[in-house]
Amino acid sequence: MREDFTWARAEPRPGRFNWTSFDHAVRSATTAGLVVLPVLYGSPGWAAPAPSDLPVHSSAYAAFVAATVRRYATGGAFWRANPKLPVRAVGWYQLWNDHPVHPAAYARLAAAAVIAARQANPTAHFVIEGGTYYLPGSRTEADWIESMYAEVPHLGKYFDALAVQPTAGGEARYTSRPPDPLEQIHLQLVAHGDGHKPLWVTDIGRQSCRAFGRCGTEAQEAASVASYLKSLETNKRSLLAAVFVQNLHDLAPNQYRYSALVGLNGDWGIFSASDMEGVFPTDRLDASTARGTEYPSTYNRDGIDVIVTMPGVCPTCGYSKTGVSAIDPIAWSSQAVSWYRTYCASSSINCPAIEVLNEPDGSWFWGAHAVRQANANAYAKLLQDVYTAFHDVYGSDAPKILGAYDSARWGLEVWSNTAGIPVNSYVDGVVVHPYGGDANCGPGGAGVPGDASSEGNRGQVIAAHEQTGKPVWVTEVGWSTALRRGCAGDSEQWTYRQQARSIYSFVMWARATGYVAAITYYAYRNGADTGQQQFGVETWGGTKKPGWTALQEAANDQPCTVC
């Protein structure tokens, strides 16, 4: 059984380990007669800028791997603490997962980890990544292998098997013929004298869900997986030592079907719905502007789910300069349920999430009161009442209720509100808008490639998850392209290609975290071409920018062709 053993969860502080979740996984597997293949990845905040990033110091990860290997080896601390369990020692470990990191840095990390781990348990075996996660710039699997060996010439000393994930990269994941990279990777190993090392296919499968892109029916799922496994058996058996199917269980009906949904802030009605059909599965719709052709049903007919933001003093109203305290939470909650019943057909499939208010700590919308503790307390009470109202009516079929985490200060005020409301019990996820800002605007507002603005505020995403433990919903993020028109406030100004690179990089990073549930890019189309805020992936006239393609390719785990 392949199981994520997340480093950040096990070692939240340097040298201080919490083995609770790991022990539970090993105990459950052992009781069921199974052995676990731990996947050791996910940097804690003290070791790397983001969970998907490799640690700054390889020695920190090596120490974590060694401690894990020691604990679950025969005679290790876990088995001593569970003497009644039959000993099924963990013998194999996968080092990292298919996140977009540099292969040379990864090779150094893997070598350091294996050296340390073998000192802790000389009998342990290690599976390293074969690079089936494409890096920006259309890096191929063969490039990944060559880069690792160039950095660590005797790489074969540090691994016992190579993990490949032929499911990553578009529709190839659902063909019945094994993709060529399996043979290609094997030939690369042969060239380096490691042709005897087996390949492990660690992730295959097809999703069964509503018709969108890569989804199919349950019958198609069964036929596709069976055909693929048979083809591996017939054509590639000599190369493979293990195959893992993802996953054992589906998510609950109102949970998400992808590692992170990717979509747009639409609000353009029939036109944008038909344009997005078959390209993006999700649209964020502002209930205060929804009218005529812009209601959720317009998007649902084209196979697009709608994240509904209810922004103001009533679910379909604008903002109040007197802050959230001006809202009657009971009335607001009742109106929200009524709107959902009417325009979402009471279906969490059509409208899977409700975003409660837009940027409620922003003085630009909510006035000077927005920054006060009383405003945070009022928002906590509103979240409690909205969550309760929806669950009283719909129970487990209620849509996700999303609370705003606009900044670290705001998050602390709301989640530690002085009203004593346990906010985490009344939200299913937290919303952030991690624009990069315009602190380094150059002449005419031009941005500097590689600065914080081009990356987006990733620290805000990380902080939201670390403080709340909830999935993070990025319902706005964007990069403006109005060069020579000055700073845009939320963003510096970028060329079309720079915008595409930023979009692709951010989405790939966010999806790799494992805790970002959705990214809806702002926006579908530019405003009038004379303004400073040209965030759209289409121009005002309807011409698609390279950012449209970059967003689509990131949504489908494909290499970026426009970056």
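Predicted model: local features only at pLDDT ≥ 70, side-chain atom pairs only at ≥ 80, totals over all residues.

Biologist: At what angle do helix 2 and helix 3 pack?

Modeller: Helix 2 (residues 20-31) and helix 3 (residues 58-72) pack at about 40 degrees, and their axes are 12 Å apart. Helices (H or I, at least four residues) and strands (E, at least two) are DSSP runs, numbered from the N terminus. Axes are lines fitted to C-alpha atoms, for helices over the stretch in contact, and angles run from 0 to 180 degrees between N-to-C directions.

Biologist: What does that make helix 2 relative to helix 3?

Modeller: That angle makes helix 2 oblique to helix 3. Angles under 35 degrees count as roughly parallel, over 145 as roughly antiparallel, 65 to 115 as roughly perpendicular and the rest as oblique.

Biologist: Which residues meet there?

Modeller: F22, D23 and V26 in helix 2 meet F64, R71 and Y72 in helix 3, where contact means heavy atoms within 4.5 Å. By class, this contact of helix 2 with helix 3 has 4 nonpolar, no polar and 2 charged residues. Ala, Val, Leu, Ile, Met, Phe, Trp, Tyr, Cys and Pro count as nonpolar, Asp, Glu, Lys and Arg as charged, and the others, Gly among them, as polar.

Biologist: And how do helix 16 and helix 17 pack?

Modeller: Helix 16 (residues 458-468) packs with helix 17 (residues 496-513) at an angle of about 15 degrees, with axes 12 Å apart. Helix 16 and helix 17 are therefore roughly parallel to each other. In their contact, R458, V461 and I462 of helix 16 meet S505, F506 and W509 of helix 17. These residues divide into 4 nonpolar, 1 polar and 1 charged.

Biologist: Changing topic, which strand gives the most to the lining of the second largest pocket?

Modeller: Strand 9 does, with 3 residues. A pocket is an open set of points on a 1 Å grid over the protein atoms alone, where a 1.4 Å probe fits, with protein on both sides within 12 Å along at least five of seven lines; lining residues have an atom within 4 Å of a point.

Biologist: How many residues line the second largest pocket?

Modeller: The lining has 34 residues, of which E359, Y435, E476, D490 and Y522 lie nearest the centre of the pocket. By class, the lining has 10 nonpolar, 15 polar and 9 charged residues.

Technical notes: Residues numbered from 1 in each chain as written. Heavy atoms only, no water.
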